[in-house]
Each structure stands twice: as structure tokens, then as C-alpha cells.
Amino acid sequence: HDAFEKVFSDDKRYPNLQELDVSFHTAIDDYLVGRIFRCCPAIKKLVTFACFNMQEPQVPLGVALIGGHKAQDPLIIGGEPN
């Protein structure tokens with residue numbers, strides 16, 4: 001968790017990163033997903049298979065979140081519940 005938090009800290013920006021796969025990193029949670037989205041403004045796809053600490057990730061419009069949640073779980077897209 002600490003390593004991801006340092007890589008995706010407030011002062012970091014990855015403006016060209018469009019796809020990221022963090023599958024099977026069990027430290028990934030809603031907080032870290034939010035950090036990734038803030039640090040990677042151009043991201044279009046985030047893959048999160050087996051990231052079981054995610055509960056209710058908030059996904060920006062236009063971003064594909066793949067894995068990490070079950071079909072019946074809540075998912076917030078662009079700040080609005082769907």
C-alpha cells in the first residue's frame with residue numbers, strides 16, 4: 001500500500017499513461033484507485049482483477065474499470081451512482 005501511495009502521491013502526474021493493470025495487488029483499495037485516477041488524467045483503462053479491497057470505487061466518465069468488482073456491487077461513475 002505504501003509503495004502505491006508514494007507512486008501515486010499528490011505531487012505526481014503521469015499525463016501520458018492511458019492503461020494500467022494492477023491485478024492481483026491485494027493492497028489496491030478505493031483510496032488507491034482514486035489516487036491513480038487523480039495522477040493519471042489521460043487514463044482510459046484500469047484493470048483490477050483480484051483487488052479484493054475495493055468496495056465502491058469512483059470511476060471517472062470515459063474510464064473502463066475492468067475486474068475487481070462483482071456485477072451486483074455498487075459502482076459510482078463520474079460521481080453519480082449507477
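The structure holds one aromatic pair. F8 and Y14 form this pair edge-to-face, with 5.7 Å centre to centre and 70 degrees between the planes. Rings of Phe, Tyr and Trp (its six-membered ring) pair if their centres lie within 6.5 Å; planes under 30 degrees apart count as stacked, over 60 as edge-to-face and the rest as tilted. F8 is buried, at 7% relative accessible area. Y14 is partly exposed, at 29%. Here buried means under 20% relative accessible area, exposed means over 50%, and partly exposed lies in between (1.4 Å probe, protein chains only).

The model is predicted: local features need pLDDT of at least 70, side-chain atom pairs count only at pLDDT 80 or more, and totals for chains, interfaces and linings use all residues. Residues are numbered from 1 along each chain as its sequence is written, and side-chain values use heavy atoms, with hydrogens and water left out.

Now the overall layout. The chain has two helices and six strands. Along the sequence they follow the pattern α-β-α-β-β-β-β-β. Helices (H or I, at least four residues) and strands (E, at least two) are DSSP runs, numbered from the N terminus. The chain has 82 residues, and 37% of them count as buried.

Next, the charged pairs. Side chains of opposite charge can pair when their charged atoms come close. A salt bridge is a side-chain nitrogen of Lys or Arg within 4 Å of a carboxyl oxygen of Asp or Glu. By this rule there are two salt bridges. One joins D10 and R35, with the closest N and O atoms 2.6 Å apart. D10 sits in the loop between α1 and β1, and R35 in helix α2, so this pair ties together parts that are 25 residues apart in sequence. D10 is exposed, at 58% relative accessibility. R35 is buried, at 7%.

The side chains of E19 and K45 also meet in a salt bridge, at 3.6 Å from N to O. E19 belongs to strand β1 and K45 to strand β2, so the pair ties together parts that are 26 residues apart in sequence. E19 is exposed, at 52% relative accessibility. K45 is partly exposed, at 29%.

Which charged residue is buried yet has no salt bridge? It is D29; the nearest side chain of opposite charge, R35, is 9.1 Å away. For charge, Lys and Arg count as positive and Asp and Glu as negative; His and the chain ends are not counted. D29 lies in the loop between β1 (19-21) and α2 (30-39). What does its side chain reach? The side chain of D29 reaches the backbone nitrogen of L32, at 2.9 Å. That is a polar contact: a pair of N or O atoms within 3.5 Å, where within protein one must be able to donate a hydrogen and the other to accept it, and residues adjacent in sequence count only if both atoms are side-chain atoms.

A polar atom of the S9 side chain lies 3.3 Å from the backbone oxygen of K6. S9 is in the loop between α1 (2-7) and β1. S9 is buried, with a relative accessible area of 18%.

F24, F49 and I66 make a nonpolar patch of about 320 Å². Patches are made of residues with over 30% relative accessible area and no salt bridge: like charges are joined within 9 Å, nonpolar side chains (Val, Leu, Ile, Met, Phe, Trp, Tyr) within 5 Å. Accessible areas come from the Shrake-Rupley method with a 1.4 Å probe; for residues, only the protein chains shown count as cover.

Take the patch members in turn. F24 is in the loop between β1 and α2. F24 is exposed, at 65% relative accessibility. F49 is in the loop between β2 (45-47) and β3 (58-59). F49 is partly exposed, at 41%. I66 is in strand β4 (residues 64-66). I66 is partly exposed, at 31%. The C-alpha atoms of I66 and T48 are separated by 6.0 Å, and these residues are 18 apart along the chain.

Backbone angles come next. Most residues other than glycine have a negative phi. F24 has a positive phi, near 70 degrees. A50 also has a positive phi, near 65 degrees. A50 is in the loop between β2 and β3. A50 is buried, at 17% relative accessibility.

Finally, V59 lies in strand β3. V59 is buried, at 3% relative accessible area.
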